[in-house]
Amino acid sequence: MNKQAETYATINIADLPLIDFAQIGETDENTIRKSLDESEFVIKWNTEPRFITDGSVTPLEVMTHEQALVLMASAEWSEPIDDGLVNAPAQIKL
């Protein structure tokens with residue numbers, strides 16, 4: 001799939017049983033990206049899934065690839081990395 005052409009959506013976690021994974025880019029509930037509080041998850045598609053067009057599932061937000069990247073980098077979706085290296089001064093030996 002061309003990521004730039006895909007449409008992304010956040011969905012309420014309560015709607016997870018209504019998702020037909022054959023219609024989206026993820027293969028099963030183990031491959032979806034969940035928010036840190038696990039109240040929402042993200043799906044992607046090239047052709048709008050039937051469960052959305054028929055009203056069975058209503059997305060919380062519909063996004064482009066770029067918008068989804070911004071969302072995934074937010075505090076609600078990504079934990080800060082504390083590896084001791086971020087913003088640490090470089091150690092240069094002369």
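1. Phe51 is buried in this predicted model. Its relative accessible area is 5%. Because buried here means under 20% relative accessible area, Phe51 qualifies at 5%. The residue lies in helix H1, which covers residues 50-53.

2. Which residues does Phe51 touch, leaving out those up to four places away in sequence? The list is Leu18, Ile19, Asp20, Gln23, Ile24, Ile43, Ser56 and Val57. Take Gln23 from that list. Phe51 and Gln23 are 28 residues apart in sequence. In space, their C-alpha atoms are 8.8 Å apart.

3. How many salt bridges does the count come to? The count is one. Glu26 pairs with Lys44, and their closest N and O atoms are 3.0 Å apart. The pair links distant parts of the chain, 18 residues apart. Glu26 sits in the loop between strand S1 (7-12) and strand S2 (33-34). Lys44 belongs to strand S3, residues 40-45. Side chains of opposite charge can pair when their charged atoms come close.

4. Glu6 is another residue to check. Glu6 lies in the segment before S1. Its relative accessibility is 3%, so Glu6 counts as buried. The side chain of Glu6 makes a polar contact of 2.9 Å with the side chain of Tyr8.

Key. Residues numbered from 1 in each chain as written. Predicted model: local features only at pLDDT ≥ 70, side-chain atom pairs only at ≥ 80, totals over all residues. Heavy atoms only, no water. Helix = DSSP H or I, 4+ residues; strand = E, 2+ residues; numbered from the N terminus. Buried < 20%, exposed > 50% of the residue type's maximum accessible area, 1.4 Å probe, protein only. Contact = heavy atoms within 4.5 Å. Salt bridge = Lys/Arg side-chain N within 4 Å of Asp/Glu carboxyl O. Polar contact = N/O pair within 3.5 Å; in protein donor to acceptor, adjacent residues only side chain to side chain.
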